[in-house]
Amino acid sequence: MTAALRLVDVTVAYDRHPAVHHVSVEIPEGACTAIVGPNGAGKSTLLKAMVGLVRAVQGRIEFPRRTRAKIAYLPQQSDVDRTFPISVLDMVLLGRWHGIGAFGAAGAADIDGAMHAIDAVGLRGFEQRPLSTLSAGQFQRALFARMLLQDAEIILLDEPFNAIDARTTADLLALVRRWREDRRTVVCVLHDLDQVRANFPHALLMARELIAAGPTEQALTPANLLRARAMAESWDDTAGICHPSAAA
């Protein structure tokens with residue numbers, strides 16, 4: 001299977017303490033891949049490294065056939081400022097940022113696309129609502145609408161179903177399945193293994209190191225999950241950064 005992106009010996013550290021250790025893996029193109037593991041396993045850090053928000057202290061991330069402009073990234077809700085005075089429509093239109101630019105005006109086609117995206121996530125009638133008035137589920141729907149408008153080929157989602165209601169989760173998972181049918185590459189950090197097994201055919205199991213990668217039923221075996229848990233319980237948060245290998 002062709003790789004949408006490739007991680008080669010990637011190590012990421014915060015305050016000189018390693019958060020991701022020497023990860024080498026290929027993310028398959030046109031597939032849905034879940035990143036799972038215990039709390040603090042480096043899942044979100046690995047996703048941020050893929051989009052370039054954190055720098056690898058060692059290794060590299062390769063995009064064999066893509067550019068970063070074709071990547072859409074959805075952070076955790078806690079990382080998004082909902083107090084900014086902007087409407088749902090204006091926020092969704094940010095999905096066309098690369099085409100409109102900082103000082104450009106949205107055209108009729110942009111607005112029409114945004115309205116269709118808002119309708120697709122079940123927010124018809126919310127176009128002029130301020131973000132600050134939305135519930136957690138409604139806000140997540142709006143963020144997914146923005147991603148629909150981006151029309152990206154690689155979609156990175158960080159815990160997109162946390163703290164939202166079951167109906168919203170089901171509706172947004174339906175959008176993920178639509179992306180899968182469209183052969184887009186989706187990479188998603190998740191905790192719910194039932195969601196992973198039902199919707200993500202590929203998985204990466206992390207415990208700061210890569211424990212397993214491949215088809216979900218092979219990566220998330222009881223033995224691999226037990227190994228990841230054991231590694232999490234033995235973490236030394238005072239450990240220093242790994243030194244680059246001579247081969248690097």
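**Close-up 1. Helices H4 and H5 cross in this predicted model.** The axes of H4 (residues 108-120) and H5 (residues 136-150) come within 8 Å and cross at roughly 135°. Axes are lines fitted to C-alpha atoms over the stretch in contact, with angles from 0 to 180 degrees between N-to-C directions. H4 is therefore oblique to H5 (under 35 degrees is roughly parallel, over 145 roughly antiparallel, 65 to 115 roughly perpendicular, the rest oblique). Helices are DSSP runs (H or I, at least four residues), strands likewise (E, at least two), numbered from the N terminus. Residues are numbered from 1 along each chain as its sequence is written. Local features need pLDDT of at least 70, side-chain atom pairs count only at pLDDT 80 or more, totals for chains, interfaces and linings use all residues, and side-chain values use heavy atoms, without hydrogens and water.

**Close-up 2. Arg-6 meets Glu-62 in a salt bridge.** The closest N and O atoms are 3.0 Å apart (a salt bridge is a side-chain nitrogen of Lys or Arg within 4 Å of a carboxyl oxygen of Asp or Glu). Arg-6 lies in strand S1 (residues 3-14) and Glu-62 in strand S4 (residues 58-62), so the pair ties together parts 56 residues apart in sequence. Arg-6 is partly exposed, at 26% relative accessible area (buried is under 20%, exposed over 50%, partly exposed in between; 1.4 Å probe, protein chains only). Glu-62 also bridges to Arg-60, at 2.5 Å between the closest N and O atoms. A network of salt bridges links Arg-6, Glu-26, Arg-60 and Glu-62.

**Close-up 3. Asp-151 and Arg-184 form a salt bridge.** The N to O distance is 2.8 Å. Arg-184 is buried, with a relative accessible area of 18%.
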